Amino acid sequence: MSEILLQIEGLTKAYPGVVANADVSLTIRKGEVHALLGENGAGKSTLVKMIYGLVKPDSGQMVLRGAPYAPAQPRAARAAGVAMVFQHFSLFDALDVAENIALGMETPPPMRSLAQQIRQVSETYGLPLDPYRTVGELSAGERQRVEIIRCLLQSPQLLIMDEPTSVLTPQEVEILFETLRKLTAEGVAILYISHKLEEIRALCDAATILRQGRNVGTCVPAQTQARDMAEMMVGSTLHTPARSPRTMGDVLLALNNLSRPSASAFGTALKNITLSVQAGEVLGIGGVAGNGQDELLAVLSGELLTPADAVQFMGQPIGQATPQARRRLGLLCAPEERLGHAAAPDMSLVENALLTGVQRKGLASRGFLKWGAARRFAEDIIARFDVRTPGPDVAARALSGGNLQKFVIGREVMQAPKVLVVNQPTWGVDAAAAAAIRQALLDLAAGGAAVLVISQDLDELMEISDRFAALNEGRLSPAKPTTGLSVDEIGLMMGGAHGMEVAHV
Amino acid sequence: MLRLEKRPQPSRLWTYLTPVLAVVLTMLCGGLLFSFLGKDPVLAIRTIFWEPLFSEFAFYYRPQLLVKGAPLVLIAIGLSLGFKAGIWNIGAEGQYIIGALCGAGVALAFYPMEAAFIFPLMVLAGGLGGWAWAMIPAFLKVRFGTNEILVSLMLVYVAEQLLASMSLGLLKNPQGFGFPGSRNLQQYPSAHNAELIAGTGMHWGVVAALIAVIFAYVLLNRHMQGFYIRLTGDAPRAARFAGVSPTRLVLFCLGVSGALAGLAGLFEVAGPSGVVSIDFNAGYGFTAIIVAFLGRLHPVGILMAGGLMALTYVGGDIAQSKLGLPKAAIQLFQGMLLFFLLAVDLTTNYRIRLRRKEAS
Amino acid sequence: MDLSAINPTLLLASLMVAATPLLLAAIGELVVERAGVLNLGVEGMMITGAICGFAIAVNTGSPILGLVAAALGGAVLSLLFAALTQYALANQVASGLALTLFGLGLSALIGQGYQGIKPPSFPKADIPLLSDIPFLGGVLFRNDFVVYLAIALTAVVWWVLKYSRIGLVLRAVGENHDAAHALGYKVVRIRVAAICFGGACAGLGGAYISLIRVPQWTEGMTAGIGWIALALVVFASWKPWRAMLGAYLFGGITVLQLNLQAAGVAIPVEYLAMSPYLITIIVLVIMSADKSRAPAALGRSFHASQ
């Protein structure tokens with residue numbers, strides 16, 4: 001076993017109301033690829049921010065190469081040989097690769113020699129990059145390369161990577177893995193945050209699993225089943241629910257081979273999406289964010305128009321219908337971004353109730369608004385969904401995330417939709433509110449509606465969906481019934497292999 | 001170290017307080033300015049703000065307030081609808097001019113016929129003229145994505161040239177002894193926008209302004225379109241989610257503000273001004289921008305702000321003749337008002353906190 | 001109509017003079033917009049510069065001091081805009097308009113009593129040898145030095161933006177102020193500096209009109225040239241050399257229509273006078289198809305939320 005590079009003992013960090021990390025200890029060795037596993041909110045980002053100097057721990061200590069290590073800011077961490085590639089890149093699209101890298105350095109060399117160095121390093125590590133290409137034109141995988149090269153130019157000894165493969169195609173994942181193996185051969189240690197269990201099994205030497213801020217175990221991934229790792233992450237035996245089969249009705253919503261380029265420069269294009277949802281059914285669509293979820297919702301809500309028969313509602317082509325028309329028909333949506341998209345931050349809950357409820361709840365007559373009715377609708381939502389707020393006149397931005405989400409979902413559910421599409425329904429929401437929302441979705445389906453749930457939370461999808469499909473880079477895998485679906489299969493579906501095997505190392 | 005912390009909710013109190021605070025600050029700064037110019041600040045402020053309303057000659061000045069205030073309010077109401085949605089019509093001055101030209105053109109075409117339909121036709125022409133002039137930036141924005149600020153502004157200069165050309169050419173008074181300018185519409189009864197109640201200064205423009213205030217109030221608070229306008233200004237993405245069509249909104253906002261500005265121009269040329277001349281336009285289109293912001297883009301607020309601005313115009317005139325205060329000082333004063341309002345406005349959405357240095 | 005009365009040498013020379021204030025203001029605003037700030041107050045800063053420069057030049061007898069004062073005046077006025085938009089987080093469009101209205105009023109006020117006065121004359125740089133070249137020499141090398149300053153400024157701005165570190169950082173701030181902040185750059189400080197630079201340039205451009213081009217002071221004498229400068233920045237796709245090309249094209253149109261007026265061409269004077277503005281609109285329409293080149297963070301307020 002190689003020598004220890006970074007030793008972390010009893011690191012604790014608390015924020016008002018929540019303990020992000022509680023007494024976490026872990027060991028990273030030289031030349032090791034160490035995975036950090038855990039669900040959303042398990043404490044992975046906080047831990048890593050402490051290692052990188054963005055956050056100061058409340059207690060505990062870190063020892064790097066035998067010496068005490070307590071970086072006050074990222075600059076100090078970089079000076080000590082710790083580099084980090086974030087999940088969300090700090091890149092400037094209109095500038096070229098060399099300029100982007102220069103901006104991330106303390107004292108960059110003159111452009112020409114920097115370009116030379118970039119070429120050299122990128123070739124050596126198998127991530128070829130032309131220093132003069134404009135970053136905006138690069139694919140997500142290539143943009144990640146810029147971030148990685150930026151780190152590598154500073155010769156780090158510990159490289160932290162946060163969800164690196166969430167934006168990569170399978171081929172690019174292989175290329176990245178080659179690079180990482182080369183780095184570890186030179187003695188660089190890698191701290192690899194991910195929740196793609198198969199990848200971790202393929203790449204990592206050791207794994208530490210966090211749950212609710214604590215280190216609940218380490219293992220050697222190659223010798224552990226994906227299922228066991230998943231159970232350690234979740235803390236209970238993952239049971240795929242034995243669902244009493246509901247009587248499914250007609251197909252209410254169908255997408256037929258839908259392809260659409262994204263509206264924005266950095267969005268994901270949808271490619272040949274085909275799906276159908278029946279009355280009484282809950283269809284779950286999984287996938288890490290950034291793979292086309294926003295675009296899929298926009299195509300269903302009417303914000304993005306498509307050829308008329310690419311989207312069918314009860315057999316009728318509605319691809320060209322406006323959002324208002326779709327609501328009248330009974331197709332409702334709840335987007336991911338609560339403030340700014342699903343609700344207007346500075347407007348009151350009454351006004352936000354009006355935002356989508358006007359058509360189905362009869363809140364306007366010949367254009368003139370019925371404020372009394374809108375207020376009653378808002379009050380109904382607040383009462384029925386236990387939205388904690390002083391009253392309906394409060395601005396949306398004053399509500400906590402969980403309460404606003406309850407309001408937003410409740411607003412759609414209480415309009416008695418025939419089809420409801422929700423994107424990340426319980427993201428950032430506390431457990432009690434999340435349970436209430438999921439129950440509401442199930443009740444809606446039991447009442448005969450078709451429900452489409454797009455979510456990153458696999459647990460949630462397994463709990464409430466009848467069928468499951470995975471969205472990867474704008475492509476949708478065929479839907480499979482959730483009963484009997486194993487975690488392995490799910491991982492493969494989300495890996496975008498579409499039934500193809502991921503290359504085993 | 002001062003730090004800005006976003007409030008959970010826009011503060012109701014400060015929404016009403018900011019214009020008042022801005023006015024007070026402007027008065028203080030303005031007073032300083034006036035004393036710098038060698039005038040007694042207290043006397044100057046009094047002359048501008050108090051005299052027109054309460055002095056012994058107030059009966060003469062008060063009607064002037066209506067005359068000056070009406071076009072300001074009328075234009076500002078139109079502008080506020082667009083501003084609320086992030087659609088910037090800066091060319092109201094040009095739409096005002098074109099409205100006046102169209103209306104006066106209609107009147108002079110019928111001269112010397114006396115008929116009841118002439119004035120309503122003029123009103124229609126004025127509104128349509130302003131509307132059409134505003135449709136140019138609207139169409140270019142919708143079709144090509146061209147910035148409406150610059151286009152509407154360029155059209156102001158074009159309109160000014162058109163005005164000059166008309167007053168020297170097509171609309172020139174043939175019986176005017178060769179002097180530039182059109183026939184005086186005040187002497188043409190069918191076309192004259194006369195005072196409805198003698199001595200009050202209240203002409204059809206004033207009535208129109210009041211109707212516009214009511215219309216805007218109802219639109220913004222009671223109608224779907226007004227809701228959409230407010231929604232677009234607050235959260236454009238939510239507006240698209242709700243189904244607002246950006247094209248329709250641009251056409252509506254620019255169209256309405258153009259029409260209202262054109263109407264203001266018509267009422268002015270057929271009434272208080274009377275003549276189409278090269279210097280007909282008095283900058284109402286730009287001052288209306290200040291009025292719109294001072295009124296916090298709210299119809300009732302605009303009504304009050306328009307009154308205040310008119311007060312500064314009328315009071316400024318008095319100060320000019322009585323105290324020798326230059327007209328430019330009033331212009332500066334008005335600019336200061338907008339400045340202070342914008343600066344003070346941040347208290348509505350942010351709380352100012354003293355930041356304690358975090359022990360790191 | 002006597003077109004032969006139009007002397008091409010004089011036409012070209014006056015073209016350079018007409019273009020210079022436009023170029024100065026446009027280059028300044030270009031830097032500001034590259035940093036991500038939309039300052040619509042160019043007209044206000046120009047006219048303030050015009051009167052500051054005029055007043056100081058008349059009072060001190062030195063036109064050079066006048067130019068310096070103009071640049072300072074423009075910069076100080078722009079600080080008001082910087083305070084509003086960077087610290088008070090006010091809407092950039094409204095603040096720019098406020099700046100223009102304020103500047104117009106301020107200049108009218110200061111300008112009281114300066115009407116009709118003739119300012120100290122400005123020496124023309126008569127570059128020896130080069131100015132003796134027939135035709136071109138008279139045009140290119142016998143102008144006042146501000147014309148050359150404007151061209152030099154364009155070159156400097158181009159070089160700094162493209163090749164220097166500070167230029168790179170400024171461009172980064174204009175592209176993505178959140179990422180720039182995440183990388184540790186002081187976004188607000190950089191933007192305030194850019195705004196001041198823009199103000200100084202605009203002030204200088206305004207003073208050029210009142211001290212050299214016209215030369216005298218009248219209220220509102222800039223007549224919208226600040227707005228044309230804003231349109232020029234769009235036309236130039238935020239590139240310095242294109243701004244120079246645009247300024248010279250516009251200068252050309254302005255001067256041409258004046259000459260056509262003088263030559264008694266059959267088009268009414270007012271329609272000729274309209275042409276620069278109409279052409280600006282056409283240019284804007286053509287350029288709007290190319291919106292992708294604008295600095296991505298242009299016009300958006302920056303508030304470091306920690």
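In which helix of chain C is C:Val146 found? C:Val146 lies in helix 6, residues 145-163, of chain C. The views below come from a predicted model.

View 1. C:Val146 has 25 C-beta neighbours inside 10 Å, so C:Val146 counts as buried. Residues up to four places away in sequence are left out of the contacts shown here. Beyond them, C:Val146 touches C:Thr20, C:Tyr208 and C:Ile212.

**View 2. C:Val146 and C:Ala19.** In sequence, 127 residues separate C:Val146 from C:Ala19. In space, their C-alpha atoms are 11 Å apart.

**View 3. The contact between chain B and chain C.** Chain B contributes 37 residues, and chain C contributes 37 residues. On the chain B side, four helices each supply at least two residues: helix 6 (118-144), helix 7 (148-168), helix 12 (284-294) and helix 14 (327-344). The side of chain B that touches chain C has 27 nonpolar residues, nine polar residues and one charged residue.

**View 4. The contact between chain B and chain A.** Here 18 residues of chain B meet 28 residues of chain A. Helix 9 (224-234) and helix 10 (236-242) of chain B are the elements that give two or more residues to the chain B side. That side of chain B, which touches chain A, divides into nine nonpolar, five polar and four charged residues.

Terms used: Residues numbered from 1 in each chain as written. Chains lettered and ligands numbered in written order. Predicted model: local features only at pLDDT ≥ 70, side-chain atom pairs only at ≥ 80, totals over all residues. Contact = placed C-beta atoms within 7 Å. Nonpolar A, V, L, I, M, F, W, Y, C, P; charged D, E, K, R; others polar. Buried ≥ 20, exposed ≤ 12 C-beta atoms within 10 Å, placed from the backbone.
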